Amino acid sequence: MPRRFASQVHVTVSRLLRSRFIEQPPAWFDAVMQYPPIPTPARAPPKRSLFDAKERTSQQKKSAAKHGTWHRPEAQDITYLEDRVRRQFFKDHPFEAFRARTLVESGVELEENQGVSGKNWTRLEQRTQNPSPEDAVRFAINLHEKHDQPLAIAYKAAATQFRALRSEHQIASAFAAQEAESYGAEFGPRELEVGFAQERESIKSFLPTVQAAARHSNKLPWAAVWSMPGVQPPPEQWTRGEEYMQKVENGVRPVYSPDLPGGSSFEAFASVEGGANVSAQAVVEPAVQRA
């Protein structure tokens, strides 16, 4: 039985109609004949010339001469020198990948045709005072191709000049901002301040739910429960330590153990002269009682 292909069914049906093996064409026959499917590709690809084939090694040449075989031509890998330099640059400067950048073409001329290039481009600052990573990559390639410098030395020079220009630009921008603020300029909120504002808005949207739960249960869902008998609970409002310092100035000694007599976290001294005796007695008595 001959082998059938889905893309050749209409050809088989056409042949059967011509031989009158079938009288009426199928319902799909006219539509398929108007828009036939893609033909089946050839089994063997056409032979390729050697202009894009990889160079054979000496072992492969010896094997082909000995056995009379012909190796299958393979296309060379498409690589660009810029990709190697760019990969190394972002390994050394990973945070440059997080800088915001526009991808819209603003000018008619291509970026490669703007500014100095070729033999005249000897320093990175000739293009711009605030270089981008692509400027550094192109400068390294220009030093390597136009000035015949080794790629390692060209990359080192480009990276060094890139860091120096970026540092100068950052320091100049900081001093310019300080000078503008001294003259009364007002800048918009920074990213950190915008983040805090968004956090406050999020907390405000959550407060109605918390307040409704507090009104329903007469306490906040996360309210702490004081469970230390004999120890005075902390104040409900923050006193900024004024109450504590006032007791210290009055000679009140803090006691941090709930087992001490008095049921309070503070014991008053009888007087300044007898303060040492009272304090010693307050410490010794519980030890005697425990013994």
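# Exercises on a predicted chain

The chain holds 9 helices and 2 strands, where helices (H or I, at least four residues) and strands (E, at least two) are DSSP runs numbered from the N terminus. The model is predicted, so local features need pLDDT of at least 70 and side-chain atom pairs count only at pLDDT 80 or more, while totals for chains, interfaces and linings use all residues. Residues are numbered from 1 along each chain as its sequence is written, and side-chain values use heavy atoms, with hydrogens and water left out.

## Exercise 1

Describe the chain as a whole, from its pattern to its burial.

**Solution.** Along the sequence, the pattern reads α-α-α-α-α-α-α-α-β-β-α. Of the 291 residues, 18% count as buried, that is, under 20% relative accessible area (1.4 Å probe, protein chains only). Among the contacts (heavy atoms within 4.5 Å) with a separation of 6 or more, 44% are accounted for by residues 24 or more positions apart.

## Exercise 2

Determine how helix H4 and helix H6 cross, and which residues meet.

**Solution.** Begin with the axes, which are lines fitted to C-alpha atoms over the stretch in contact, with angles running from 0 to 180 degrees between N-to-C directions. The axes of H4 (residues 81-92) and H6 (residues 151-182) come within 12 Å and cross at roughly 45°. H4 is therefore oblique to H6; angles under 35 degrees count as roughly parallel, over 145 as roughly antiparallel, 65 to 115 as roughly perpendicular and the rest as oblique. Next, the residues: Leu81, Arg84, Val85, Gln88, Phe89 and Asp92 of H4 meet Leu151, Tyr155, Phe162 and Arg163 of H6. By class, this contact has 6 nonpolar, 1 polar and 3 charged residues.

## Exercise 3

**Solution.** Just after H1, arginine 20 takes a positive phi of about 60°.

## Exercise 4

**Solution.** Not counting residues up to four places away in sequence, asparagine 142 touches Ser117, Gly118, Trp121 and His147.

Note on methods:
Nonpolar A, V, L, I, M, F, W, Y, C, P; charged D, E, K, R; others polar. Buried < 20%, exposed > 50% of the residue type's maximum accessible area, 1.4 Å probe, protein only.
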